[in-house]
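Biologist: I'd like to learn how to read helix packing, domain contacts and a ligand shell. Can you walk me through them?

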Amino acid sequence: MDFDLLIIGAGPGGIFSAYEAMKLNPELKIALFETGHSLERRKCPIDGVKIKSCINCPICGIMNGFGGAGAFSDGKYNITNEFGGTLYEYVGKQQAIELMNYVDEINVENGGQNTRLFHNQNTHLRKKCMENDLHLLSASVRHLGTDINYVVLENLYNKLKDNISIFFNTHIDKVEKLEEGYRIFSKDKSWSGTTCIISTGRSGSKWMGNICESLGISTKSNRVDIGVRVELPYSVFSELTDELYESKIVYRTKKFQDKVRTFCMNPRGVVVSENTNGIVTVNGHSYEDPARFTDNTNFALLVSNNFTEPFKNSNEYGESIARLSNMLGGGVIVQRFGDLIRGQRSTPGRMAESFVTPTYNATPGDLSLVIPKRQLDDIIEMIYQLDKVAPGTANDDTLLYGVEVKFYNLEVEIDEHLETCHKGLFVIGDCSGVTHSLSHASASGVYVARYLYGNK
Ligand SMILES: Cc1cc2nc3c(=O)[nH]c(=O)nc-3n(C[C@H](O)[C@H](O)[C@H](O)COP(=O)(O)OP(=O)(O)OC[C@H]3O[C@@H](n4cnc5c(N)ncnc54)[C@H](O)[C@@H]3O)c2cc1C
């Protein structure tokens with residue numbers, strides 16, 4: 001065997017499994033394989049001047065490379081079982097929280113020591129939300145910010161690089177089961193290992209499906225969340241964001257009884273685009289450094305769609321809607337809430353009259369031509385509801401960027417150790433379908449490393 005442990009994907013899942021395995025047994029021969037670049041070589045070419053929107057780079061600087069999809073994220077590590085994944089279903093609620101707290105300790109030790117940990121368990125805002133049929137989910141959140149998140153990743157990389165083998169720009173094409181262990185292939189090269197952990201994230205979702213098919217591992221896919229990114233003046237949401245930073249609020253709509261939720265809140269942040277397998281969608285982040293604050297807050301409003309028989313490919317449904325917005329707007333579309341309600345397109349002229357200055361240069365357009373009626377009605381209903389706890393949310397100039405799609409990976413059949421039906425082959429992080437967040441993905445990596453190399 002070339003290695004004791006092969007890890008595919010250097011996102012939070014892969015990094016934390018490597019970190020914990022190395023810590024538990026420094027003698028281990030560990031190899032980490034990553035499609036993208038090392039941290040300092042990761043770059044998105046959009047500069048807002050020469051390149052204004054996504055040009056579909058062969059390797060996306062935002063999604064791929066050391067740090068995974070989380071590298072330029074807002075670095076919000078939510079410590080909770082209420083959202084961000086269902087790791088607790090495999091490891092138990094208490095252990096899941098312990099693992100997330102441990103990840104937090106590592107982040108703090110590696111550069112996050114001056115960042116804030118917010119708690120929302122005892123806030124009066126919970127009551128205020130409840131009075132308006134809005135439900136605030138419980139969590140503690142460490143906000144590293146995009147800048148400190150980068151520092152933490154740099155420090156983790158420096159600890160890993162002298163102890164394990166890291167292969168960048170190495171896309172693994174195939175995983176083969178050997179009599180004892182596994183062999184993985186990238187172009188004309190291959191490596192063998194006793195144990196293999198796959199942590200290829202959301203960008204590796206399709207790849208994961210193919211690997212599961214080739215190895216006879218069962219999967220299912222029935223969920224996708226569709227919505228918009230809302231951008232409004234910071235002061236509109238400041239009561240919530242100053243105290244809680246991130247508030248996950250869920251509302252069940254009267255009309256369709258669908259659940260709509262706020263997601264990924266970025267006080268004083270910026271809206272950005274994101275490219276998943278050639279499809280451009282919208283996202284957002286913010287910085288910890290006050291010098292990089294903007295005047296706006298952005299967050300996503302997402303409608304959950306769970307499909308039943310006979311439809312099986314929820315991600316394709318989400319992709320088709322995102323493709324529509326890409327077709328009409330050449331990328332992301334932006335519309336003022338007032339224009340949407342009046343049934344008119346936002347034009348460059350109407351945008352110029354707006355009191356809210358967009359932080360992302362999207363194409364002014366009409367989201368009602370893109371988002372299906374059901375989801376759009378749900379979003380409008382939620383905006384009016386949020387207006388009751390954060391007055392100003394339903395203002396004319398509130399900006400809606402579309403579409404934001406939260407793709408859920410295939411759910412891979414794994415046992416309580418996150419091990420597949422093949423002994424020694426583990427699937428962790430977002431590509432397993434079990435996690436959808438930095439903290440859960442990282443925790444799943446620690447969990448498997450401890451199962452393999454800790455005291456049993
Ligand atoms: C813009 C943005 C902002 C976000 N903000 C937050 C946030 O604030 N808080 C939060 O909790 N979550 C956030 N998320 C989600 C979070 O980043 C993910 O949940 C998390 O990164 C998942 O970790 P992972 O290790 O499972 O996968 P990923 O981070 O996706 O990492 C997987 C890695 O595997 C590599 N890979 C894929 N296929 C292969 C292959 N075949 N061979 C080799 N390598 C491969 C990829 O290049 C990638 O680097 C954000 C995501 C984005 C895109």
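Biologist: How do the axes of α1 and α12 cross, and at roughly how many degrees?

Modeller: Keep in mind that this is a predicted model. For a helix pair, look at the distance and the angle together. Here the axes of α1 and α12 come within 7 Å, crossing at roughly 30 degrees. The crossing is right-handed.

Biologist: Which residues of α1 meet α12?

Modeller: On the α1 side they include Pro12, Phe16, Ala21 and Leu24. Among their partners in α12 are Leu438, Val446, Val448 and Leu452. By class, that contact has 11 nonpolar, 6 polar and 2 charged residues.

Biologist: On to the domains. Which residues does each one cover?

Modeller: The domain assignment gives domain 1 as 3–117 + 142–219 + 410–453, and domain 2 as 223–407. Their centres, taken over C-alpha atoms, are 28 Å apart.

Biologist: And how many residues of domain 1 are in contact with domain 2?

Modeller: In general, the size of an interface is often given as the accessible area lost when the parts come together. Counting residues instead, 24 of domain 1 are in contact with 21 of domain 2. On the domain 1 side, α5 and α6 each give two or more residues, and α5 gives the most, with 4.

Biologist: Last one: what surrounds the ligand?

Modeller: Check the count, then the origin. The shell has 43 residues, and Gly9, Gly11, Gly68, Gly201 and Gly429 are the closest. It splits into 11 nonpolar, 26 polar and 6 charged residues. Domain 1 and domain 2 each provide at least three. Our helices return too: α1 and α12 each supply at least two residues of the shell, as do β3 and β16.

Notes. Residues are numbered from 1 along each chain as its sequence is written. This is a predicted model: local features need pLDDT of at least 70, side-chain atom pairs count only at pLDDT 80 or more; totals for chains, interfaces and linings use all residues. A residue is near a molecule or strand if its C-beta atom, placed from the backbone, lies within 6 Å of it. Ala, Val, Leu, Ile, Met, Phe, Trp, Tyr, Cys and Pro count as nonpolar, Asp, Glu, Lys and Arg as charged, and the others, Gly among them, as polar. Domain bounds come from an automatic or database domain assignment. Axes are lines fitted to C-alpha atoms, for helices over the stretch in contact, and angles run from 0 to 180 degrees between N-to-C directions. A crossing is left-handed if the near helix is turned anticlockwise from the far one by less than a right angle, and right-handed if clockwise. Two residues are in contact if their C-beta atoms, placed from the backbone, lie within 7 Å.
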